[in-house]
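Open the structure in your viewer and keep the selection tool ready. We will go from stop to stop.

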Amino acid sequence: MPLVSRKYVVALGMPRCGTGYLHAEFELAGFKSVRWALGPGRGSIADVALRERGLNASRRLVACHVQRAVAAGRLPLDELPNDVEAVAEMSALYWQDKQRGLVTSFIPQMQHLDLLLDSYPDAHFILNVCNHKTWIKWINCHNDMRQRIVEAELPGLPKGCGAFDADLEKWVADHHRKVVEAALARGVSFLRLDFDRNDWQVQLQQFLTEIRPSPPPGPNWTLYADEDMTWWHHHQQEWWCKGAGGTPLPYPDEQQFLTEIPPSPPPGSDWTVYE
């Protein structure tokens, strides 16, 4: 019975579409999350310089890490820090030369949608959506992001086309449709999260709880799983199984259960189990 492998939670919606809420909820649920850049908010001057002229973009922007990994033939999220478990936003739009209207843009959830879904079949994907007109208002209020979108050459939105709201609405609708179709075709774990719904937070919390059930009280619990069941194991040899709603419960017959678990080897390497 193997240890549960790390399974990413990845948002595939548009930038500025509730991604701050997603990031906060991921962190509250116990996931180490990143949103658009590594270390955002630690220095407003650095963030402005990153947005306005791409200062330290290759080191800080999530999108740049993804692009670099893909270009090297690796999995898209391979270059992110090892402790990252969730990605709330991965788009990048920054000025290469504002006076000349040149924008560097990477939107991995568009450019590498199929690759992301195929590379992480056990991951959990979220399509964060809202009313298109509301999203456009958010874009218009966020610094000069609307201008950067207009000047950028984006997948499905050539340079200059984002000046009209109708173009942006169609662009977003097309992306949402492609994500839903691609996710459903692969049967991956998927949630379409609509921020216009009053219960969006409840939906998200339920989705995250199913991914990572809460451990029993106290420290030193490790999660194990097979195809049908999950268990928590304590360093003092206690076992709890996952009950309804993700609540851990004491295993009903611990001795019988323990006989089904391969014994842990002694310290060191080169040990072989015989029966």
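This tour visits aromatic rings and then charged pairs.

The model is predicted: local features need pLDDT of at least 70, side-chain atom pairs count only at pLDDT 80 or more, and totals for chains, interfaces and linings use all residues. Residues are numbered from 1 along each chain as its sequence is written, and side-chain values use heavy atoms, with hydrogens and water left out.

**Aromatic rings**

Select Y21 and W200. Their rings form a tilted pair, 5.5 Å centre to centre with 45 degrees between the planes. (Rings of Phe, Tyr and Trp, its six-membered ring, pair if their centres lie within 6.5 Å; planes under 30 degrees apart are stacked, over 60 edge-to-face, the rest tilted.) Y21 sits in helix α1 (residues 19-28) and W200 in helix α10 (residues 200-211), so the pair ties together parts 179 residues apart in sequence. Helices are DSSP runs (H or I, at least four residues), numbered from the N terminus.

Is W200 buried or exposed? W200 is buried, at 14% relative accessible area; Y21 is exposed, at 51%. Buried means under 20%, exposed over 50%, partly exposed in between (1.4 Å probe, protein chains only).

Y21, F195 and W200 form one aromatic cluster.

**Salt bridges**

The structure holds 17 salt bridges, each a side-chain nitrogen of Lys or Arg within 4 Å of a carboxyl oxygen of Asp or Glu.

Select D118 and R186. Their closest N and O atoms are 2.6 Å apart in a salt bridge. D118 lies in helix α6 (residues 113-119) and R186 in helix α9 (residues 165-186), so this pair links parts 68 residues apart in sequence.

Next, pick K159 and E151. Their side chains meet in a salt bridge at 2.7 Å, N to O. Finish with R68, R74, D78 and E79, which salt bridges with shared partners join into one network.

Conventions
Helices (H or I, at least four residues) and strands (E, at least two) are DSSP runs, numbered from the N terminus.
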